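Dear colleague,

I am passing on the structure below, together with notes on what was found in it.

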Amino acid sequence: MGMESQKPYLAMVFIQFVYAGMALFSKAAIAKGMNPFVFVVYRQAFASLALAPLAFFFESGKTAPLSYTLLCKIFFVSLFGITLSLNLYYVALNYTSATFAAATTNAIPAITFVLAVILRLESISIKYLHGVAKVLGSVLSLSGALVFAFVKGPSIKFFNWYPSTQNQTTPHSYHRNDWIKGALLMLSANTAWSLWLILQGVVVKQYPAKLRLTALQCFFSCIQSAFCAIAIERDPTAWKLGWDVNLLSVAYCGIIVTGITYWLRVWVIEKRGPVFTSLFTPLALIITAIISAFLWKEALFWGSIGGAILLVGGLYGVLWGKNNEEYQRTTKTSEQRQDCKEEIILECITHQ
């Protein structure tokens, strides 16, 4: 029984290792020279091939009619969500580090909350503690992302890897202008992903077969990204895949990240709820930072550490606010049902 209760924890730790691997493998392929747009095409192709048979076997019994209007909605949600987000993400990886990519994903809940408020899908109620927590958490999270991106400070040196000379250069250093460009692109990618999460909630209500919906969106994203890649990359040699890190990266991101972790995440959500799964998100940042520092001797800065702390603190603030709000809403609904039940009973008694 004890081991059974530990399974969701083990599953989430495994998922965060997989997500850390996604940032690391992707960075390795992009750094080796693979075109980011071509990378997205192959990744989404592998994801479509991995999800299609799963959708066929596990959701063949579900009746989910697909009209032309709904198909168009799914197409545009894929375009402005998955396609835009992934292409921006992999272009940004060309200018930033895997650690920064892992760090900024912690800002997605805050960005999603801000977009939901702008679109009037979410309300702000600062009269309650959970409302204040969501607002402050969002501010902290977004501030942390900006601090991580633009504030460096002194570097943290691991085992004296970097020589203490005045003109020292770290093995993985980035030009300031490139870093700023990459940071803005990465934050734009996270904003597009947050928009996709909001739109996804609307589409799922009309097409509840989630696995089929994901497979369809991956397929649309593959086609859309292919048109984009062909327009930008005209060299046929850029599309060649050999038995190297490029093939490993796209297969890993398409099959492992999109396929296996999808099912594990759904299983954990069913067992422990969505807030539980989100609590483990910072673990991917820690894993990525440690592996990047050891394998690639990637420099870490005290400013980045401060930004990461703000990011994680803001993330937990938003999650706590959302969880507390849902709990109060559920409690209020239960009390209303109980009051209604008592009124009905009282009415029955008085009318006897």
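How many helices and strands are there in the protein chain? There are 12 helices and two strands, where helices (H or I, at least four residues) and strands (E, at least two) are DSSP runs, numbered from the N terminus. From that terminus on, the elements run α-α-α-α-α-α-β-α-α-α-α-α-β-α.

Please keep in mind that this is a predicted model, in which local features need pLDDT of at least 70 and side-chain atom pairs count only at pLDDT 80 or more, while totals for chains, interfaces and linings use all residues. Residues are numbered from 1 along each chain as its sequence is written, and side-chain values use heavy atoms, with hydrogens and water left out.

Of the 352 residues of the protein chain, 45% count as buried, that is, under 20% relative accessible area with a 1.4 Å probe, protein chains only. Taking contact to mean heavy atoms within 4.5 Å, 89% of the contacts between residues at least 6 apart in sequence join residues at least 24 apart.

Leaving aside neighbours within four places in sequence, Phe39 is in contact with Ser26, Ala29, Ile30, Met34, Tyr90, Ser249, Val250 and Cys253.

Helix 2 (residues 36-59) and helix 3 (residues 68-93) pack at an angle of about 130 degrees, with their axes 8 Å apart; axes are lines fitted to C-alpha atoms, for helices over the stretch in contact, and angles run from 0 to 180 degrees between N-to-C directions. Helix 2 is therefore oblique to helix 3, oblique being whatever is left once angles under 35 degrees are called roughly parallel, over 145 roughly antiparallel and 65 to 115 roughly perpendicular. On the helix 2 side the contact is made by Pro36, Phe37, Phe39, Val40, Arg43 and Gln44, and on the helix 3 side by Ile82, Leu86, Asn87, Tyr90 and Val91.

Helix 5 (residues 108-118) and helix 6 (residues 129-150) pack at about 125 degrees, with their axes 9 Å apart, which makes helix 5 oblique to helix 6.

Methods: Buried < 20%, exposed > 50% of the residue type's maximum accessible area, 1.4 Å probe, protein only.
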